[in-house]
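Reader: I am new to this structure. Please show me how to read its features, step by step.

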Amino acid sequence: MAFKGIKTKTALVLAGGGLTGAVYEIGALRAIDDLLVDRTVNDFDVYVGTSAGGLVASCLANGITIDRLMRIVDGSAHTVEPIGPKHLFRFDVKEFSRRTLKWPRVMWGAWSHYLRHIDDMTVFDMLWSLSEGLPSALYDGLALEKYVREMFARIGATNNFAELARKLFIIATDLDTGERRVFGEKDSCDVPISLAVAASTALPLVYKPVRVGEKEYVDGGLRGTASLDVAIEQGANLVICINPLVPFDNSERKAIPFLGKDGGYLSDKGMQAIASQVSRITIQAGLHYHIKQLRRAYPEVDIVLIEPRPDDHQMFFYNVMRYSARRTIAEHGFEAVTLGLAENHRFFHDILQRHNIPINRTLAQSELQEIRRSAYDQQVIKHVLERRTGESVGVVDKLKRTLAELEIALEKRSE
């Protein structure tokens, strides 16, 4: 699977995962940025984003650096308003008002039907009839569309797929047909990027469907959390995919004191924990099957999947839409992925070398041993990474680049 004489085409595929998934991806991308030599996460040829991943991908394709994205997330970017609850959780007042006006008719219809068929009706049937009067969703996703549009305008980025230097594809689901829609293809280049992001992130029942032309769209993750096939169809022979949602390995049933979680079965933690685990099992199983089929169909394509560890309780127990946890999760994503890249350095080195992409060691062996001796204590990991951040970055980066280039040259001579 060497690509000697063939120009490598790279793709970054970002899966869905709500707000916490998006900020985890930002932290993970910062770790990948540190790994790469003479290139950044803004240098992929193709970007594919689904749901929250579509928001992050649209920023990267527009040349917004990962450091700037981190500042936007934590509110320290002075030129850009930080994304806040008003951009993510704006109640759909019009929908609530419209449905409220229908309540007398809905109530009358439900009760009359119940009384006419009282022998065949159950309480559940009655409640189901009344559900017609409920709003289609809680929030209006067009608030996010406005934020993305105005952010792009403020920083001089484009909201037009056709004007991007890199290829960008954002995935949504057609509500009427259930089919996948790939915004960014030739027949949809006139759709603003911000509107495609809003459509892709419209989680059913949480956000109302987004209308684009004559069609309505909802969350792209309904047809698969990550569309790697889109990247391969664009000619990518190296695809890196980040998926923030994985099932939690609760086999040891340990307590999680700092989250206030007792040990025991997941079912002891209620419906929320069960729903989260089941959805993550479904999402990951679908993604892994998708990758398995693609590897079988395209053996010449290298696919790298980056996910949280199965025992990563922070990524499991934090609500995927929890706004207040955004900085914590971004830092956690950076720390966890940095550690994962260091532990599997040889694996990443061998794959990326086939595509003539040099990489650094994100952690020295001594630092990795220090973390392992602490049994992966979060405070030790944080301390080690903060200590590295305080280094003289310019000198260190030059040294890392020189060593990486020397390593590649020596390996080429030994072939």
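**Strands and their neighbours**

Author: Two strands pair if DSSP finds at least two bridges between them. Strand β1 (residues 10-14) and β9 pair in the parallel sense over 5 bridges. This is a predicted model, in which local features need pLDDT of at least 70, side-chain atom pairs count only at pLDDT 80 or more, and totals for chains, interfaces and linings use all residues. Residues are numbered from 1 along each chain as its sequence is written, and side-chain values use heavy atoms, with hydrogens and water left out.

Reader: How many helices and strands does the protein have?

Author: Helices (H or I, at least four residues) and strands (E, at least two) are DSSP runs, numbered from the N terminus. The protein has 16 helices and 10 strands.

Reader: What else pairs with β9?

Author: Strand β10 (residues 302-306) does, in the parallel sense over 5 bridges. There, I306 is the bridge partner of I242.

Reader: Which way do the side chains of β9 point?

Author: In a regular strand the side chains alternate between the two faces of the sheet. In β9, L238, I240 and I242 point one way, while V239 and C241 point the other way.

Reader: Is β9 buried or exposed?

Author: Buried means under 20% relative accessible area, exposed over 50%, and partly exposed in between (1.4 Å probe, protein chains only). For β9 (residues 238-242), 5 of the 5 residues are buried, so this strand is largely enclosed by the rest of the structure. Across the protein, buried residues make up 48% of the 415 residues.

Reader: Which strands pair with β4?

Author: Strand β2 (residues 46-50) pairs with β4 in the parallel sense over 5 bridges. Strand β5 (residues 180-183) pairs with β4 in the antiparallel sense over 4 bridges. Strand β8 (residues 215-219) is also antiparallel to β4, with 3 bridges. Now take the residues. Y47 has L168 as its bridge partner in β4. I171 stands opposite V182 in β5. T173 has V218 as its bridge partner in β8.

Reader: What lies between β4 and β5?

Author: They form a hairpin with 5 residues between them. In the turn, G178 has a positive phi of about 80 degrees. As for burial, 7 of the 8 residues of β4 (residues 167-174) are buried, so β4 is largely enclosed by the rest of the structure.

Reader: Where is T158, and what does its side chain meet?

Author: T158 is found in the loop between α7 (142-155) and β4. A polar contact is a pair of N or O atoms within 3.5 Å; within protein, one must be able to donate a hydrogen and the other to accept it, and residues adjacent in sequence count only if both atoms are side-chain atoms. The side chains of T158 and E163 are joined by a polar contact of 2.7 Å. A polar atom of the T158 side chain also lies 3.0 Å from the backbone nitrogen of N160. T158 counts as buried because its relative accessibility is 14%.

Reader: How do I read a pair of aromatic rings?

Author: A pair of aromatic rings is described by the distance of the centres and the angle of the planes. Rings of Phe, Tyr and Trp (its six-membered ring) pair if their centres lie within 6.5 Å; planes under 30 degrees apart count as stacked, over 60 as edge-to-face and the rest as tilted. The structure holds 5 aromatic pairs. One of them is F183 and Y217, edge-to-face, at 5.3 Å centre to centre and 75 degrees between the planes. This pair links distant parts of the chain: F183 is in strand β5 and Y217 in strand β8, 34 residues apart. F183 is buried, with a relative accessible area of 0%.
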